[in-house]
Amino acid sequence: MEVFEPARLGPLTLRNRVIKAATSEGMTPDALVTDELIEYHRRPAAGGVGMTTVAYCAVAPEGRTERRQIWMRPDAVPGLRRLTDAVHAEGAAASAQLGHAGPVADASSNRVPAVSAGRFFNPLGMAFTKVAKAEDIERITRAHAEAARLAVESGFDAVEIHLGHNYLASSFLSPRLNRRKDGYGGPIENRAKVALGIARAVRDEVGDRIAITAKLNMRDGVRGGLEIDDSLHVARGLQEEGTVDALELTAGSSLLNPMYLFRGEMPIPEFAASYKLPMRVGLRMFGKRFLRVYPYQDAYLLEHARRFRAELDLPLILLGGITDRATMDTAMAEGFEFVAMARALLREPDLVNRIAADPSTPSLCIHCNRCVPTVYRGTHCPLVPEPD
Ligand SMILES: Cc1cc2nc3c(=O)[nH]c(=O)nc-3n(C[C@H](O)[C@H](O)[C@H](O)COP(=O)(O)O)c2cc1C
C-alpha cells in the first residue's frame, strides 16, 4: 500500500490514506460552528489530508465534556454544512466524531449530571456520576443514530464513533469502571453491549450513505482497566456485524491516565492553569501522580496494534506518533490501510502536502503536549508563531 494513493473507506474514496485525528477544538462558545472552527479544519484540508475529523460532536447535552461543545441538534446543521463545504472545497473529506463523554463530562459546566457505567466521582465536575439505567442506554444509543443522521444532513462523508478514552461506551468496556451486576456488566460479552449496540444503531440509521469508523481503546493503561484480549473481542464484534468500515486504534483514559494517550512530557503548570479551582490546586499538588509520564516514541501504539492487524480483516487506522513519511510507510508495510495524525498537524497543518512533495520532510512537533491544555480556549500549538 502507498500512503499517497486514493483509498476506499466504505462508500468513500479518499485522495490519500492520511486522516487528521480528532482534536477537540474549543472554538464553539455557543455550542455552534464558528468561522474559527471552519478555518481550523480548512487548513489541514488545504494542507493535504485525505479526511479531517471534527471533534467534538456530542450526541446529547450531558455527553459534552463541557457546556460549550457542539452537541448534534438541528440548530447545529447549517454551521456544520458550511464547515463540510469548506473542507470539500479543498479536496478533502470530513468526518464527525460522535461521542458521549460519560464519566469524563463536566457535570457542573453542562448543568446536567454525568452518566456512566458505574457511580464515579469526577473531580472536574466535583460530583458523582449517575449510573446509566437501561433507559439511559437506550436513549443514548438512539442519540448516536440521530446524531449520525444529522451528520449526513450536514454533508459529512463519515462519522467516527468514540469508543475510547473511558468516555461512556469505553467506561462500559472497562472492568474497573463497570462493576455492574446486570446484563451490561461482568464478562466482556456484556460489557461490549453498549459499544456494539451504538455501532449497530448508527449503521442501521445511515446504511452506506457515509463511512463509519470507530475509535476503540486497545488498552486503558490503568490497573483493572480494559486489556487487549477484551478489546479484540469488541473489534471482532464490529467486524462480524459489519457496522464499521474501519477501526482507529487508540489507548488511554482521559479520566484516569491521560498521558497514556499521548506519551511524552506533560506541562503541569499549563495544564493546571487551564482548570478551575479546586482542580487547579489539586493538579499543581498531585499532578505528577495523576499525569504519569510515558516516554514518547514514533508510532508508539504499533506494538499493540499489530495484534489487531494479525487477527482482523477490517481496515485499520494506525494512530499515535505518526509524524513523517517513514512512520507512514511503516504503517503501510505492516498492513494498516490508513494513518491518523493529531499533534503534528496542529504544529503544521500543511505537513501532509510537504511530506508528499519531499519524503524527507521532518515534523516540527516535539510532543511537548502544550497543545493539550489549550482545548478549552481554542486548540492550538503554542509553538506556532502568532501571525504579525
Ligand atoms: C489537543 C488535543 C485534543 C484532542 N482531542 C481529542 C478528541 O476530542 N477526541 C479524541 O478521540 N481524541 C482526541 N485527542 C487525541 C488524538 O486524536 C490522538 O489520539 C493523540 O493525540 C495521539 O495522536 P498523535 O500522536 O498524532 O498526536 C486529542 C489530542 C490533542 C493533542
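Me: Which side chains have an N or O atom 2.8 Å from an oxygen atom of the ligand?

Reply: A polar contact is a pair of N or O atoms within 3.5 Å; within protein, one atom must be able to donate a hydrogen and the other to accept it, and residues adjacent in sequence count only if both atoms are side-chain atoms. In this predicted model, the side chain of Lys215 places an N or O atom 2.8 Å from an oxygen atom of the ligand. The side chain of Gln97 likewise has an N or O atom 2.8 Å from a ligand oxygen, and for Tyr300 the value is 3.5 Å. Taken alone, the ligand exposes 610 Å², of which the protein buries 96%; such accessible areas come from the Shrake-Rupley method with a 1.4 Å probe, and for residues only the protein chains shown count as cover.

Me: On what basis are these values given?

Reply: This is a predicted model, in which local features need pLDDT of at least 70, side-chain atom pairs count only at pLDDT 80 or more, and totals for chains, interfaces and linings use all residues. Residues are numbered from 1 along each chain as its sequence is written, and side-chain values use heavy atoms, with hydrogens and water left out.

Me: How many residues surround the ligand, and of which classes are they?

Reply: A residue is near a molecule or strand if one of its heavy atoms lies within 4 Å of it. Here 22 residues surround the ligand, the closest being Ala22, Lys215, Gly321, Ala342 and Arg343. For classes, Ala, Val, Leu, Ile, Met, Phe, Trp, Tyr, Cys and Pro count as nonpolar, Asp, Glu, Lys and Arg as charged, and the others, Gly among them, as polar. The shell comprises 12 nonpolar, eight polar and two charged residues.

Me: What is the volume of the second largest pocket, and which residues lie closest to its centre?

Reply: On a 1 Å grid over the protein atoms alone, a pocket is an open set of points with protein on both sides within 12 Å along at least five of seven lines, whereas a cavity is a set where a 1.4 Å probe fits but cannot get out; lining residues have an atom within 4 Å of a point. Points are joined across faces, edges and corners, and a volume is the space filled by probe spheres set on them. The second largest pocket has a volume of about 590 Å³. It is lined by 23 residues, and Arg43, Leu346, Thr379, His380 and Val384 are the closest to its centre. Helices (H or I, at least four residues) and strands (E, at least two) are DSSP runs, numbered from the N terminus. Helix α1 gives the largest share of this lining, five residues. By class, the lining has 12 nonpolar, three polar and eight charged residues.

Me: How many cavities of 30 Å³ or more are there?

Reply: The count comes to three. The largest cavity holds about 80 Å³ of space, and Cys365, Cys368, Asn369, Cys371 and Cys381 lie nearest its centre.

Me: What kind of peptide bond joins Ala55 and Tyr56?

Reply: The bond between Ala55 and Tyr56 is cis, with omega about 15 degrees. Tyr56 belongs to strand β4 (residues 51-58).
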